[in-house]
Amino acid sequence: MSTNPEEFDSIAGKEYKAGFVTDVETDTVPPGLNEDVIRLISAKKEEPEWLLEWRLKAYQHWLTLEEPTWPNVHYPPVDFQASSYYSAPKSKEDAPKSLDEVDPKLLETYEKLGIPLREHAKLAGVAVDAVFDSVSVATTFKKKLSDVGVIFGSFSDAVKNHPELVKKYLGTVVPITDNFYAALNSAVFTDGSFCYIPKGVRCPMELSTYFRINASNTGQFERTLIVADEGSHVSYLEGCTAPMRDENQLHAAVVELVALDDSEIKYSTVQNWYPGDENGVGGIYNFVTKRADCRGKNSKVSWTQVETGSAITWKYPSCILKGENSVGEFYSVALTNNYQQADTGTKMIHLGKNTRSTIISKGISAGRAQNSYRGLVKITKGAEGSRNFTQCDSLLIGDKCGAHTFPYIEVKNQSAQVEHEASTSKIDEDQLFYCRQRGISEEDAVNMIVNGFCKEVFKELPMEFAVEAQKLLAVSLEGAVG
Amino acid sequence: MESLVSKFEQFLETEDNVTLSNNSLDWLTNARKKGIAHFAKVGLPTPRDEHWKYTNVAPIKKKEFSLTNTKEHDVKAADLDVFRFKNLETIELVFINGLFCSALSSTVSDERGIVLNNLSSWLAEGHQQDLTVDAGDYVFASLNNAFMSDGAVLHVADNELLEKPVHLIFVATDTEQATMTYPRIDIRLGKNAEAKLIESYVSLGEAKNLTNVLTNIIADENSQLEHYRIQEESDAAYHLANIFIEQKKDSRVTSHSVSLGSAIARVDAKVNLSETGTENILNGLFLGKGRQHTDHHLLVHHLSPHTRSEEYFKGILDNASRGVFNGKVVVHKDAQKIEAIQSNKNLLLSPNAEVDTKPELEIYADDVKCAHGATIGRLSDTELFYLRSRGISEEKARALLTFAFADDVVNRMSLVPVREYLERKLIGQLSSSDQIDDLKDLI
């Protein structure tokens, strides 16, 4: 494959299709972070005392921490005092009860993104808890869910309506002391999603949330907590797009999953935050802590992610396999183009007997992007008969990008079986030639090959997401081939 | 170990004990000063260092080792027979507690331009050649720079071939005061030159010494080197080694590292494939028993297009031993048409054994073929059953399968007598004595 610099310019010329700013009045606190801001956030959200104390404790701990520098990414230092920590759409007071009451400008935003909320909800049978900036503005299919006892809604509603559940599980998977960004999130998180699946219930539909960053200068700190009680099953989808902006925006979410005996959680993500322009200016900093705790026997958590956006991604969805026979899975496609940087991977901590984990990671690097896989497989002494299989492959497109692999494997039990394999190569010229000589354009051929490369991961995605993911990959790779 | 900085001044002044008394050489004095300055700045590594995450050198830190080695010893040529390779004629250089033993050694200095000598004699001959090694971040290499006391020099001139393999035997004896030695091995191959060199690290008795060795290899155009290091020091010893390899156009270096002994053994290999057409192969086998700790850290830089590297390491860990492997391949920008293969397979024989492995790839070019694999597990039940069903006792079946696992690495060596030597060693380690002969028949 010859690399033609002019062709590269043509990708560079591609505009970010989800880039626009909706002009909605927002209720924003002045930039800066101190205890008063946290008290203000807590007061605005009418939170109980224990949650405020929890936030303050997290803040105090955060002050003692230093920003981590070990990831293989480079960016100018973030000024945590320069961004505003709370922003909510004005229409909060008279919160809409149904879609008709939703600010039409918001709905317009979704239309522009190609996600007609109403249609999407109706046609796909998906309950959408749309997080527009920080406050949840539309919730659908609530009734159908509440009929079977599933609690699904915004985090702030859950704090009001189900404080006992929130208190019981919040911070038990990702404690406030976990890491720099998790501590920050715990102190200032504004909203997010909460989901509880009661015993023996199979959630009747796929749950999904669309995260958007809208108001300028607000770091977004989402908090998601999903609890699957004994014998339950849930599939949760998360997708993101964000408007174009020049300043870097910090996104430090925390996602906690708790799987009790015999339950199963499937968590799928399509991440398409604004990646910055062709010169690497702007774009979202996506520093996320995602962790699942397979507490119960025979529980299962499956992470599937398609990461195509963000200027910097720093994310390791992990599984703590505590329960006997519990299963952790991680399927990932991470695509970086232009000046994007991704340092992503997973951690599988085997604690219980006969625990199993599978890691399939596919990294695609184009332009001047740097893409790293960083993973840990840890078999502790008690994890008798546990099993891990890891495969991480990288594909390179263009001679200025990089692909890196940093797998850590620690085994303390001889009955465990751990396998790791990885490969890095460029697109096979023979495959490309084969397609070209059958009249397929180079771009289509590359798309086809890349899609084939990612197939193992895509097949884990729910149907409608899989289609979206394939399109996303094609759009993100536009012109990346010379 | 902590008092090393204060010992340095004294070390520079004592001439009688230090064989490299020729301190008038600028490069040597500078290397020593730079080395100790680096150590004084960073100190001994701790597990907080990413490269020392799994290897804690605290036991070494606490111990006191003597730098002053006595020339007296009662080692006889016959004592070393067990460490020699049957049916292989080698040129032998013997070092006892770090000091060259001329009575047991032979050297080469011929008109063809092949020089094989111990470092201190070579310097005493008045050679001015600068043998400085840039230690980079490797603190034990810096310490070797600071305290290098003797070692070996093998320089092969252009177009020359050294037919006989060189065998360097570093012997540690059970001295009253535990000693530390800092051997330096300098290997330089000219254009189209060819040589084979074996380093053996052995103990007589329960030697509690510390070896901190640095092997520096520079292979010029189209040269070929086969390098072996067999480390079988006593279980009370500490072994720290650095191997720096610099390869020029079309050269080929193969280095085998076998780690059997020492309480803590750490080998750091750094390879620079600086010019096109180079090939580097690193093979390794480590066996752990008792509470042994073995660590291999490899770093291969592909700096030029059309270079190839291979890492093939296997570990067998028994009892409460721990094996660490870290292989890193860096493909630099514009180094296209690269092939890099990395493999680390580990066998755990006991519930208390542990393996930590980290095969890394860092790639900044696109036209590459890089692959790595790592496995950790125990002996396969089906394979054991197969042998058991054919009337082979369980113990023997286990020994046989373990042996086969290890022999895979040994078979990658070209010198058959070395292979046989190691196979005998392996059998000795893997099965109880009464079965050795039996097993030999099976092989």
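In this predicted model, 31 residues of chain B are in contact with 30 residues of chain A. Two elements of chain B each give two or more residues to the side that touches chain A: strand E20 (354-363) and strand E21 (368-377). By residue class, that side of chain B divides into 15 nonpolar, 7 polar and 9 charged residues.

Strand pairing also joins the two chains. Strand E23 (residues 402-411) of chain A runs antiparallel to E20(B), and the pair is linked by 6 bridges. Within E20(B), Ile363(B) is the bridge partner of Ala403(A). Ile363(B) is also in contact with Val331(B).

At least three core residues come from each of domain 1 (4-275) and domain 2 (380-443) of chain B. In soluble globular proteins, nonpolar side chains tend to be buried together.

Helix H7 of chain B covers residues 394-410. Its 17 residues should span 24 Å at 1.5 Å a residue, and its end C-alpha atoms are 24 Å apart, so expectation and model agree. Buried positions in H7(B) are Ala397(B), Arg398(B), Ala399(B), Leu400(B), Thr402(B), Phe403(B), Ala406(B), Val409(B) and Val410(B). An α-helix has 3.6 residues a turn, so residues three or four places apart point the same way.

Notes. Residues are numbered from 1 along each chain as its sequence is written. Chains are lettered from A and ligands numbered from 1 in the order in which they are written. This is a predicted model: local features need pLDDT of at least 70, side-chain atom pairs count only at pLDDT 80 or more; totals for chains, interfaces and linings use all residues. Helices (H or I, at least four residues) and strands (E, at least two) are DSSP runs, numbered from the N terminus. The expected span of a helix is 1.5 Å times one less than its number of residues. A residue is buried if 20 or more other C-beta atoms lie within 10 Å of its own, exposed if 12 or fewer, and partly exposed in between; C-beta atoms are placed from the backbone. Domain bounds come from an automatic or database domain assignment. Two residues are in contact if their C-beta atoms, placed from the backbone, lie within 7 Å. Ala, Val, Leu, Ile, Met, Phe, Trp, Tyr, Cys and Pro count as nonpolar, Asp, Glu, Lys and Arg as charged, and the others, Gly among them, as polar. Two strands pair if DSSP finds at least two bridges between them.
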